[in-house]
Amino acid sequence: MNDMRIAERDVETNESKISARKVQVYYGTNHALKDVDVDILDKTVTAFIGPSGCGKSTFLRCLNRMNDTVASARVEGTIKLDGENIYDAKVDPVQLRAKVGMVFQKPNPFPKSIYDNIAYGPKIHGLTRSKSELDGIVETSLKKAALWNEVKDRLDSPGTGLSGGQQQRLCIARAIATQPEVLLMDEPCSALDPIATAQVEELIDELRSQFSVVIVTHSMQQAARVSQRTAFFHLGNLVEYGETGQIFTNPKDPRTESYITGRIG
Amino acid sequence: MSVFWTILIVLALAALGYILGRQKALNSVGGDSRRMHSLPRYYGWNVAIFTMVPAFLVLIAWMFAQAEYVERHVTSMIEPADIGEGSNLSLVMADVRRLASGLETAISTGAMTADQVMALDASKDDIRGMLGKVGVAFGSDVTPHILAAAQNYREIVSAASVYRAIAVLAVALIGFAYAYAQTNGSFWARNRVEQVTLGLLILCSMIAIATTVGIILSMVFETGHFFGQYSWTEFFFGTTWSPNFHGNSQLGMLPLLWGTLYVSAIALAVAVPIGLFAAIYMSEYASPRFRSIAKPAIEVLAGIPTIVYGLFALITVGPLLRDWLAQPLGLGNSGSSVMTAGLVMGVMIIPFVSSLSDDIINAVPQSLRDGSLGLGATPSETIRQVVLPAALPGIVGAVLLAASRAIGETMIVVLGAGAAAKLSLNPFEAMTTITVKIVSQLTGDTDFAAPETLVAFALGLTLFVITLGLNILALYIVRKYREQYE
Amino acid sequence: MTDATANASARRTGSLLVPDARTRRRNAAEARFKIYGLAATLVGMVALVMLLISIFSSGTGAFFQTFLHIPVTLDAAVLDKSGNRDPAEMQKVTTIGYAKVLNASLQKVLDDKGMAVAGLTDKDVADMISKEAPAQIRNMVLANPALIGQTVDMTILANGRIDGYFKGRVSMESAQLDKNVSPRQLELADKMRAAGMLTTDFNWGFLTSGDSSDQRPESAGLGVAIIGSLYMMIVVLVLSLPIGVAASIYLEEFAPKNRWTDLIEVNIANLAAVPSIVFGILGLAVFINFAGLPQSAPIVGGLVLTLMTLPRIIIPARAALKAVPPSIRDAALGVGASKMQSVFDHVLPLAAPGILTGMIIGLAQALGETAPLLLIGMVAFVREFPGAPPQGFFDPASALPVQVYNWTQRSDPAFVERASGAVIVLLVFLLIMNAVAIILRRRFERRW
């Protein structure tokens, strides 16, 4: 763990963005997530770590109700975004997902041009009134995703023609083009090579200035590098949640310690 | 000796060969099967195969040759007067065959001797009665020509069957002896048997090629005859279809092509949106319970034979359209119309489009759907703007396959579209298609020298080429599409 | 990052609990889209239901028939003048003689019961009996000459129009315009029915007798067509199962991947989509004109359907073989089996349920196929049953779907009922075959 660079701590000033209380998730009869209580802070990178199948991705998908698309999934408890329960019957998941964007494990650019990939979200949400405004959003999103210089001359070529790392940054650009408040990332680097991973990690660090970022990762090193706060999940339970430095250097729960030191996982 | 008995004897020989071959191989190694190259049964099979396969090949070849010979020889004995009203040569020949087999039965049951049979005289003897006694029912009275033909037929067949049996059994015995002589424990029997098996497998898979070659040859040949008698420019570009069996026919294909395309277009206009929307609904929206009813119900439509759709068009849809749409609107008063056939054909193609679309929509990776939903798109936006564009090539392929099916469909148009060759825009008028005219030119009394009959082959070839083009294009697109997501 | 602040204004604000106008619009579009999908699905289902209702409502009548029950006096003076009951001599009395006996018997019954309707001639009354009935009685008497001279209670077919009257196809109004039946005859029919002489019973003859001519729809049956279809299915099964399985094994397990096998594959995929009528042309040109096989024969129909069914069997059979995981093959090869042994001993048995299911579905398709059979002469009017196999394969026969087509071409509307009835029979066969296929699949389906 010598290469582990622990991010600077500047989290105290931020307020809570999402607060989850007593969240339960069932897949059919399988109780996949038990009694999760978490407060996710604004303008902070929060990492969810834990062994495979521990429920970290499941919880992430609860935060923008992507679990609604799984027929057998059932969610209980409350998750509040800015004080409003996102599982309230009056909430439209479509509106919610505009505020809580998501980037997936495998880069999944649409089989359209780079431009259309980015413009897709703003178009469906009606964020622009003119073509020039849309052009502006596409450009800033690509710039924020640190992809602009690589693709500015071929915005009309298909997004599927980019390299893996570029595709993932395109997906991040696509997600931030809808101007979300929270950005969820489900193992965004697991399909990328080390160089592309480094680029995406750097990008995540920059995104922190505008978004609350939640990242699920199977790599403890990555969590240590990019996040300010870390939550450790194990067997459907949230075992420990706190500042990243504290989790990695001085875990309170023995299970966290076992995982950090590589005895389970 | 009948074919049945010949086959049985060859099979018995093969079984004997199996046992003896196996035994000989075992004996050659002193009963220790571990010292043999192959398992004992392969030595048996080797002898059995060498006994059976050449013998059966000879038998098949002989039967074709004999049928050809007898038919030609005996057919020449039948005179036009023997062919009654509403009958035809092949029905009379069936009578001849039945009579001949009746005579044969009479001999084998001992009711008559072979000489007595040859001495029968249709004008004196009650042949029907005699045959009735040996249990052969015979519909009509026997004319002298038919009797003579049958006597002749029986004689040739019974003589030929003796030679045939001798030839076949000789070949079987030679094969038997050859393989048996070869057999010993160090012979690579398994490899030999497997080679022969592989050869048979290859032969079977060649039948697909042979079928295509047969289709093309049979049509090209007769189409050549047709264009020898009728100008090809008039066939392809003529706008009048009026065959006339006394000659001077006008055989322009365009009205038929127009009818075909018009009906197919209506069918696709019905089937593509309905099939596509049904596929989308069932794969993206329907509850499992609804799907478990709706999906089989729509698939049942695919299992219903086209003749049933044809009957449906004829007795229900046609009259319904005529009484409620065509007549009130003053557009015509024919039950069979382009619209009738098109609508019913559309229903027939719905399951075809929906199941192909279903496959194709499901081939679009879930990650693309997640990507779109994760950005806050509604399911319908996801389908219209992400899934369908991604699936478009596949869907185009499916529509082309559906079009090929519509163009080649026969029974629905025969019963629903009518028989009048017309170039008209009114969908409530009866029109006709290529397939309908193939049926009408090739059924009933046909004279294979007349252009009015031969034109059916030219039509068939045109139809084959059109559908072949569509199929290959569609298969190519679908294949490319699948590779994209594999 | 100055642009970012400019764009931040575009960020959506407002409570999640209150959908904004745009979201409401989008949700409305979503609901509409969903309704289109539901409507499309329902249209498909309604079409199926309409089709079935249409066929069943017009076809069930074919399974019931109006029969006339009367005592028939088999007058020896007419039927056997010499009186020595010699079958050879009795053969000479044609159906006309039997018709006389039958008509006289019917007249007598009507006179006895005082049911005569004014204005009906003897011929009118006689016309209420099926033209097939005298032949029925003749066969009965020839089979049992001892009946002559006796009075026997008989059940015979009524004329098709009388049958139609009780089934609602013929009415008093339509009878006035009809040359073949008059309202007075129908009046008499009503009386006879009230007296129990006319009843409507299950019509076994529809399933067992052969076709009959245009004037006697009441006696037309499916017997020959069912036998013909059965013979053809036997030919298809015997030829296409081994050939289809062998071809799929070669293509899936042994064929090298090269241009040649590519060609075979494209060929098979294309053949499965070639219009069926093209196979009819092939059959006509090759089997009948070239090889000289007889027209209308089940063997030719079977051969044509085999060629058509083969690709439709090979495709699912290959899928079934492909579904067997390579680990099974590796396991067999690993213990020293030859490639051929691994395929025949391990892969084929595991793929057998899938192959059989495909086979049954292919057979079902072949059973319903019509167009190619029209071209090889199976539309000919065939009354006689084909002989027993193997010779019977070469005798003229009909086939179920062709019989349907045949009957739709007849002028008497009674044949529409027969055609629909034949479709019901055809659908029942298909239902049974598909049910067997589904059970096979459920029972033996394996997921790896």
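This passage describes how the chains of a predicted model are built and how they meet one another.

Because the model is predicted, local features are reported only at pLDDT of at least 70 and side-chain atom pairs only at pLDDT 80 or more, whereas totals for chains, interfaces and linings use all residues. Residues are numbered from 1 along each chain as its sequence is written, chains are lettered from A in the order in which they are written, and side-chain values use heavy atoms, with hydrogens and water left out.

Chain B contains 17 helices and 2 strands, where helices (H or I, at least four residues) and strands (E, at least two) are DSSP runs numbered from the N terminus. The C-alpha trace of chain B spans about 85 × 75 × 45 Å along its principal axes. For chain B the radius of gyration is 31 Å, while a compact globule of 486 residues would have a value near 23 Å; this radius is taken over C-alpha atoms, and the globule rule is 2.2 Å times the number of residues to the power 0.38. Chain B is assigned domain 1 (3-187) and domain 2 (241-484), the bounds coming from an automatic or database domain assignment. Between the C-alpha centres of these two domains of chain B there are 47 Å.

In chain C, the secondary structure consists of 20 helices and 3 strands. The radius of gyration of chain C, 32 Å, is well over the 22 Å that the globule rule gives for 448 residues, so chain C is more spread out than a compact globule. Its C-alpha trace, followed along the principal axes, spans about 115 × 70 × 40 Å. The domain assignment of chain C gives domain 1 (63-203) and domain 2 (223-444), and the C-alpha centres of these domains lie 45 Å apart.

The two domains of chain C touch through 8 residues of domain 1 and 9 residues of domain 2, contact meaning heavy atoms within 4.5 Å. Together they bury about 580 Å², of which carbon and sulfur atoms give 40%; buried area is the accessible area (1.4 Å probe) that two parts lose on being put together, summed over both. Of the area that domain 1 of chain C buries against domain 2 of chain C, C:Phe63, C:Arg161 and C:Arg169 supply 67%, more than any other three residues. Between these domains there are 4 salt bridges, each defined as a side-chain nitrogen of Lys or Arg within 4 Å of a carboxyl oxygen of Asp or Glu. A salt bridge also joins C:Glu417 to C:Lys167, with the closest N and O atoms 3.0 Å apart. On the side of domain 1 of chain C that touches domain 2 of chain C, helix α8 (residues 160-167) of chain C gives the most, with 3 residues, and by class this side has 1 nonpolar, 2 polar and 5 charged residues. In this classification Ala, Val, Leu, Ile, Met, Phe, Trp, Tyr, Cys and Pro count as nonpolar, Asp, Glu, Lys and Arg as charged, and the others, Gly among them, as polar.

Where chain B meets chain C, 87 residues of chain B are in contact with 85 residues of chain C, and about 7,400 Å² is buried between the two chains, 75% of it on carbon and sulfur atoms. The rule finds 2 salt bridges across this interface, and C:Glu265 forms a salt bridge with B:Arg479 in which the closest N and O atoms are 3.9 Å apart. Helix α7 (residues 189-229) of chain B gives 18 residues, the most, to the side of chain B that touches chain C, and that side is made up of 56 nonpolar, 22 polar and 9 charged residues.

The contact of chain A with chain B takes 22 residues from chain A and 17 residues from chain B. The side of chain A that touches chain B divides into 12 nonpolar, 6 polar and 4 charged residues.

Over all chains, the structure holds 35 salt bridges. In chain A, A:Asp39 forms a salt bridge with A:Arg21, the closest N and O atoms being 2.8 Å apart. Since A:Asp39 lies in strand β2 (residues 30-41) and A:Arg21 in strand β1 (residues 16-27) of chain A, the pair ties together parts that are 18 residues apart in sequence.
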